Amino acid sequence: MKTMIFGLLLACSLAQAQTIYKYVDPSGHVTFSNTPMKGGVPVKLSPLSTYSSEEAKPSSSAPSTTPSTPPFSSGRYPNVDNATQQQRDNGRRKILEQELANEQKALTEAQKALEEGRATRLGNERNYQKYLDRVQQLQDQVTEHQKNVEALRRELGQSASNAPK
C-alpha cells in the first residue's frame with residue numbers, strides 16, 4: 001500500500017504531462033507506472049492547482065485600481081458590513097471582559113494563598129529551602145496572573161481604540 005502511494009506521488013510529480021498506467025495483477029496488487037504494461041489501463045489525473053504570476057499582478061494593459069486601494073480590497077475576499085462587524089466586536093469585547101474578570105478573581109486568590117503561604121511553615125518544611133521553594137511557586141502563580149490581567153487590559157484597550165465612534 002505504501003509502495004503504491006509512493007509510486008503514485010512520484011509519478012504525479014515526475015510525469016505531470018505524461019500518461020500514467022494502472023496495472024492490476026491476478027493476485028490484486030495494483031501497480032502504477034509511466035511505461036505501458038500489458039493489461040495496463042491509462043489513468044486520467046486531474047491537473048494540479050497552480051496560480052499563474054499574471055493572476056497575482058495586474059497586467060499593464062488592463063485598467064488598474066487606484067494606488068491607494070489595498071490589495072485585499074480587490075473583491076476576492078469577502079467583506080463584512082459594518083453592523084455585522086460591530087456585533088462581532090461587541091461579542092469579542094464581552095468575552096475579553098469575562099476573561100479579565102475571571103483572571104482578576106484568580107489573581108486575588110493567588111495573592112491570598114501567597115500571604116497565607118508566607119505566614120505559615122508546614123511541618124514537612126524542616127529544611128528552610130522547601131519553604132522557600134513553596135513560597136516561590138506561589139509567587140510565580142501571582143506573577144503569571146498579573147501578566148495575564150495586564151495582557152487582557154491591553155487587549156481591551158486596543159479593541160476600544162479600534163471601535164468605530
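How many bridges join β1 to β2? The count is 4, and the two strands run antiparallel. The notes below start from the overall make-up and return to this pair.

1. **Basis.** This is a predicted model: local features need pLDDT of at least 70, side-chain atom pairs count only at pLDDT 80 or more, and totals for chains, interfaces and linings use all residues. Residues are numbered from 1 along each chain as its sequence is written, and side-chain values use heavy atoms, with hydrogens and water left out.

2. **Make-up.** The protein chain holds 4 helices and 3 strands. Along the sequence they follow the pattern α-β-β-β-α-α-α. Helices (H or I, at least four residues) and strands (E, at least two) are DSSP runs, numbered from the N terminus. Of the 165 residues, 14% count as buried. Buried means under 20% relative accessible area, exposed means over 50%, and partly exposed lies in between (1.4 Å probe, protein chains only). Among contacts with a separation of 6 or more, 42% come from residues 24 or more positions apart. Contact means heavy atoms within 4.5 Å.

3. **The sheet.** The 3 strands form an open sheet in the order β2-β1-β3, with antiparallel pairing. Its edge strands are β2 (30-33) and β3 (41-43), each of which pairs on one side only. Two strands pair if DSSP finds at least two bridges between them. Neighbouring strands are turned by 35° against each other on average, direction ignored. Axes here are lines fitted to C-alpha atoms, for helices over the stretch in contact, and angles run from 0 to 180 degrees between N-to-C directions.

4. **Strand partners.** Strand β1 covers residues 20-24 and is joined to β3 by 3 bridges. These two strands also run antiparallel. Lys-22 has Val-41 in β3 as its bridge partner. On the β2 side, Val-24 stands opposite Val-30. The hairpin of β1 and β2 has 5 residues between the strands. In that hairpin, Gly-28 takes a positive phi near 100°.

5. **Helix α3.** This helix runs over residues 82-119, 38 residues in total. From first C-alpha to last, α3 reaches 55 Å, close to the 56 Å expected at 1.5 Å a residue. The expected span is 1.5 Å times one less than the number of residues. Its buried residues are Leu-96, Leu-100, Glu-103, Leu-107, Ala-110, Leu-114 and Gly-117. An α-helix has 3.6 residues a turn, so residues three or four places apart point the same way.

6. **The core.** The largest nonpolar core has 12 residues, including Leu-107, Tyr-131, Val-142 and Leu-156. A nonpolar core is a set of buried Ala, Val, Leu, Ile, Met, Phe, Trp, Tyr and Cys residues joined through side-chain atoms within 4.5 Å. The elements that give two or more residues to this core are α3 and α4 (128-162). Helix α4 gives the most, with 7 residues.

7. Leu-152 belongs to the core. Neighbours within four places in sequence aside, Leu-152 is in contact with Leu-96, Glu-99, Leu-100 and Glu-103. Leu-138 is also a core member and lies in helix α4. Its relative accessible area is 15%, so Leu-138 counts as buried. Leu-138 and Arg-118 are 20 residues apart in sequence, and their C-alpha atoms are 9.2 Å apart.

8. Which residue forms a salt bridge with Arg-92? The partner is Glu-155, with the closest N and O atoms 2.0 Å apart. A salt bridge is a side-chain nitrogen of Lys or Arg within 4 Å of a carboxyl oxygen of Asp or Glu. The pair links distant parts of the chain: Arg-92 is in helix α3, Glu-155 is in helix α4, and they are 63 residues apart. Arg-92 is partly exposed at 38% relative accessible area. Glu-155 is partly exposed too, at 24%.

9. **Salt bridge within α3.** The whole structure has 2 salt bridges. One of them joins Glu-97 to Arg-93, with the closest N and O atoms 3.3 Å apart. Both residues lie in helix α3, 4 residues apart, about one turn of the helix. Glu-97 is partly exposed at 38% relative accessibility, and Arg-93 is partly exposed at 26%.
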